[in-house]
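Reader: I am new to looking at protein models, and I would like to learn how to read one step by step. Could we take the features in turn, with the general idea before the case?

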Amino acid sequence: ASGLNHLGIQADSDAELGQVLAGFRAADGPVRDDGHVTCCYAQSEKSWIRDPQGVAWEAFRTTGDSDVYGEDGAAGPSACCPASDPPTDPAPCCT
């Protein structure tokens, strides 16, 4: 489908990521904390939320590089995907 998939907020430090996540939690919606994941050739810590219009927001801090695209190197639903509704379920966006 065409259109916006998700928006991302990249943090440069743990403290900055903590501030963004505090804003997510204050937004009164379910937050999916993925923790440390490998996605899109990067190692990251990330969390997701959906805004009232249904747009998925990703907060992440890149901590290193990876030689593979995702956890197992296969494209498919994973931490690379934005939050579904509810954000506890992965969305089929990476296929």
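Author: Let us begin with a pair of residues facing each other across two strands: Trp-48 stands opposite Glu-58 in E4. Strands (E, at least two residues) and helices (H or I, at least four residues) are DSSP runs, numbered from the N terminus, and two strands pair if DSSP finds at least two bridges between them. This is a predicted model, in which local features need pLDDT of at least 70 and side-chain atom pairs count only at pLDDT 80 or more, while totals for chains, interfaces and linings use all residues. Residues are numbered from 1 along each chain as its sequence is written, and side-chain values use heavy atoms, with hydrogens and water left out.

Reader: In which sense do E3 and strand E4 pair, and over how many bridges?

Author: E3 and strand E4, the latter covering residues 56-65, pair in the antiparallel sense over 9 bridges. E2 and E3 also pair in the antiparallel sense, over 7 bridges, and in E3 the bridge partner of His-36 is Glu-45. These two strands, E2 and E3, form a hairpin with 2 residues between them, and Cys-40 in the turn has a positive phi of about 55°.

Reader: In what order do the 4 strands form the sheet?

Author: The order is E1-E4-E3-E2 in an open sheet, and the pairing is mixed. At the edges are strand E1 (6-10) and strand E2 (32-39), each of which pairs on one side only. From one strand to the next, the twist averages 30°. Helix H1 (residues 14-26) packs on the sheet and touches E1, E2, E3 and E4, and its direction makes about 165° with that of E4. For such angles, axes are lines fitted to C-alpha atoms, for helices over the stretch in contact, and angles run from 0 to 180 degrees between N-to-C directions; contact itself means heavy atoms within 4.5 Å.

Reader: What pattern does the protein chain follow when read along the sequence?

Author: The pattern is β-α-β-β-β, and the secondary structure comes to 1 helix and 4 strands.

Reader: Is Lys-46 buried or exposed?

Author: The general idea is a cut-off: buried means under 20% relative accessible area, exposed over 50%, and partly exposed in between (1.4 Å probe, protein chains only). Lys-46 lies in strand E3 (residues 42-50), and it counts as buried because its relative accessibility is 5%. Its side chain makes a polar contact with the side chain of Glu-58 (2.7 Å). A polar contact is a pair of N or O atoms within 3.5 Å; within protein, one must be able to donate a hydrogen and the other to accept it, and residues adjacent in sequence count only if both atoms are side-chain atoms.

Reader: With which residues is Leu-7 in contact, leaving aside its neighbours within four places in sequence?

Author: Leu-7, found in strand E1, is in contact with Val-55, Ala-56, Trp-57 and Glu-58 once those neighbours are left aside. With a relative accessible area of 29%, Leu-7 is partly exposed.

Reader: Which residues make up the largest nonpolar core?

Author: A nonpolar core is a set of buried Ala, Val, Leu, Ile, Met, Phe, Trp, Tyr and Cys residues joined through side-chain atoms within 4.5 Å. The largest has 7 residues, namely Ala-11, Leu-17, Val-20, Leu-21, Phe-24, Ile-49 and Ala-59, and its largest share, 4 residues, comes from H1.
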